[in-house]
Amino acid sequence: MSLSDRLNTLRRQAGVTLERRTADEVVRDGAGPSGTAPGAESGEKSGSMTDASADPGGTSGNDGSVREGRAPVTGQGESPQRARALAELRERIRRMGAAPKPPSPQDARHSAVSPAEGKAVGKANSATAPAMSPNGPAVSVDELAERLGGSRIGEHVILLDRELPPGHEHGRLALGEALGAVWPFWEAGERVGFIDTETTGLAGGAGTVAFLVGLATPSGEGLRLRQWLMTAFAGEATMLESVDAALAGCERLVSYNGKTFDLPLLRDRRRMQRRNDPADSAHTDFLHPVRALYGHAWPDCRLRTAEERLLGLQRPDDLPGSDAPWAWQAYLRFGRADLLQRVVRHNADDIFSLAVLGPALAGVLADPPAQLASPEGAARLLHRLRGPVEARRLLQQCEQRLNPAGRLWLAREWRRAGVRERAVALWQPLAEQGHPEAIEALAKYHEHQRRDPATALEWARRLPDAPDAHARCARLQRRLAGS
């Protein structure tokens, strides 16, 4: 995309109407860098901004500049609306790495954004945006890196790298509990990485970019947390290169909804940058265990809910993740770093929660009823992670707390294991209550294992009216008649 096309795109995002200009107007208005909008001196072909308040009679020497949306050379008769839009465009282009020229003090005075304009930028599904005022000093990339305690690894990327001791508490648990084996999720010595991203919103496709990536990995006796913060779109390639180098050392990634969102997003951004994906690693998405265990009981299964109920963690001063796009926009447009610093803290807290959720969920799986979790959901989770033997062990442990579906599942497991007497003990009360699967299982058991067609026929006659039931009853009647 040429600089001219980018300027026109930014004008549209700023809500400025474009107008097609004739060749004579381009020549007439080519006043040069002192009086033109950014990019005009490079010969842009299409549209510049118009202003209904411009002098229609052309009596002012600057009337063409005002009508075409350029700052008048003299500074007189300038529309405050137009100056505000131009100042915003210059600042946004400068922060994207395309225009090093800073805005003038006059531009800064007119760069305020109205609430209506603010709602048109950022995360698509956020109802309102936090205030983004240009008041206060703009913070450069170097200043931001110093505030965050990080360092620049590129023109537009800051890396925060720190070590946390195993005794660092997060809610009721300490980070050290995630450093060893956490059954059934990962083994001792497995190189685990806890990953989370903050993005520009949910625009979809190529419109969503991860501007902050956080990754925590075991390091010695503690946990190493690295966060890559992109301060302009031009830094994406540098950030992805550094992130991928860190991911190459992970055998397993742990996320929350990362299977659906974070990892596919990073994959798509690599393809946009023509980068290869790192080697595949195992992936544990804690959203699915939480849903299996508590989807029946909790109002939702968001990470915040899991933190409060499983970790006893409260974050009263946390910046919601839905506000992260606005915080990044505030830095891009005004150099404001206060909200962006809160996004970095929010990302770190999310990653710490991922680390200690493993031990917390392992404790739930040890005794689901005591933790008000679903025994059936816990068994499904263990069946997927560790196989049928572990699932049967848990179902047997929780037999008195199982619902009918869980007892039928346990009966099937006993039948597969060849312990039919245990299965019959589960089928009998369920069949008396009218469960078709238990009735059919007892009919088969008495016909094929006990060789008792009379008892089998009694159960078969209780089956729901269906062709298979009729065929079974007819076969058993023939056997009784032949005997």
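Tutor: W186 is a buried residue, as its relative accessible area is 2%; buried means under 20% relative accessible area, exposed over 50%, and partly exposed in between, with a 1.4 Å probe and protein chains only. The model is predicted, so local features need pLDDT of at least 70 and side-chain atom pairs count only at pLDDT 80 or more, while totals for chains, interfaces and linings use all residues. Residues are numbered from 1 along each chain as its sequence is written, and side-chain values use heavy atoms, leaving out hydrogens and water.

F286 is likewise counted as buried, at 0% relative accessibility. There are 6 aromatic pairs in the structure. Two rings of Phe, Tyr or Trp (for Trp, the six-membered ring) pair if their centres lie within 6.5 Å; planes under 30 degrees apart are called stacked, over 60 edge-to-face, and the rest tilted. W186 and F286 make a tilted pair, because their ring centres are 6.3 Å apart and their planes meet at 40 degrees. This pair links distant parts of the chain: W186 is in the loop between β6 (173-174) and β7 (192-199), and F286, 100 residues apart from it, is in the loop between β11 (282-285) and α10 (287-294). Such helices (H or I, at least four residues) and strands (E, at least two) are DSSP runs, numbered from the N terminus. W186 and F286 also belong to one aromatic cluster with F185 and F194.

Another pair joins F233 and W328 edge-to-face, with 5.0 Å from centre to centre and 90 degrees between the planes. F233 lies in the loop between β9 (222-230) and α8 (236-247), whereas W328 is in helix α12 (residues 324-334), so the pair ties together parts that are 95 residues apart in sequence.

The charged end of R462 sits over the ring of W459, at 4.4 Å from the ring centre. For this, NZ of Lys or CZ of Arg must be within 6 Å of the ring centre and within 35 degrees of the ring normal.

Finally, the cysteines: a search of the whole structure finds 0 disulfides, a disulfide being a pair of cysteine sulfur atoms within 2.5 Å. C301 counts as buried at 13% relative accessibility, and C473 is also buried at 13%.
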